[in-house]
Amino acid sequence: MTALRLTEVTTGNVRDACRLTVAPHQQEHVAPVAQSLAEAYAAPDVAWPRLVYADDELVGFVMGCFDPDCPIEYFRCGIWRLNIADGQQGKGYGRFAVEAVLDEARRRGSDAATVFWVPGEHGPERFYLRLGFRPTGRMVEGQVLGRLEL
């Protein structure tokens with residue numbers, strides 16, 4: 001049985017994290033890990049970046065955001081990024097990563113979480129809907145805003 005775990009980004013794994021890439025047809029739907037880490041560096045009190053490992057293999061990256069005092073409700077708690085490596089999708093790694101962010105959100109007392117996705121044929125909409133997120137009817141910078149009550 002494969003052991004899944006999240007780890008913090010460290011000096012020992014950051015280069016591997018930056019080399020992680022999604023499938024070519026998905027690259028227009030999610031920012032590269034290096035960009036996400038730069039954003040996390042700029043917002044260390046809000047961003048929650050984690051690497052996803054299956055046993056000892058790096059298979060993904062997820063970044064939650066936790067800013068309960070943010071004046072924009074949909075930025076208070078949610079998933080900023082999810083990158084599952086090319087060839088590693090469909091194995092439960094994305095679900096594991098999202099559920100880990102949701103567990104952290106509950107631990108912090110959040111009552112809802114949000115996620116944005118780019119609509120389109122190769123976008124993650126079906127994935128997020130299967131996890132229980134529902135479109136709010138709102139678009140933000142061309143992305144669908146989804147919400148999940150915790």
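1. This structure holds seven aromatic pairs. Two rings of Phe, Tyr or Trp (its six-membered ring) pair if their centres lie within 6.5 Å; planes under 30 degrees apart make the pair stacked, over 60 edge-to-face, and the rest tilted.

2. A quick word on what you're looking at: it's a predicted model, where local features need pLDDT of at least 70, side-chain atom pairs count only at pLDDT 80 or more, and totals for chains, interfaces and linings use all residues. Numbering starts from 1 along each chain as its sequence is written, and side-chain values use heavy atoms, with hydrogens and water left out.

3. How are the rings of tyrosine 74 and phenylalanine 116 arranged? Their planes are at 80° and their centres 5.7 Å apart, so this pair is edge-to-face. Tyrosine 74 lies in the loop between strand S3 (57–66) and strand S4 (77–84), while phenylalanine 116 lies in strand S5 (residues 112–117), so the pair ties together parts 42 residues apart in sequence. (Helices, H or I with at least four residues, and strands, E with at least two, are DSSP runs numbered from the N terminus.)

4. Buried or exposed? Tyrosine 74 is buried, at 11% relative accessible area, and phenylalanine 116 counts as buried at 17%. Buried means under 20% relative accessible area, exposed over 50%, and partly exposed in between (1.4 Å probe, protein chains only).

5. Now look at tryptophan 117 and tyrosine 128: their ring centres are 5.8 Å apart with planes at 15°, so they're stacked. Tryptophan 117 is in strand S5 and tyrosine 128 in helix H4 (residues 125–130), eleven residues apart. Both residues are buried.

6. Ring pairs also join Trp117, Phe127, Tyr128 and Phe133 into a cluster.
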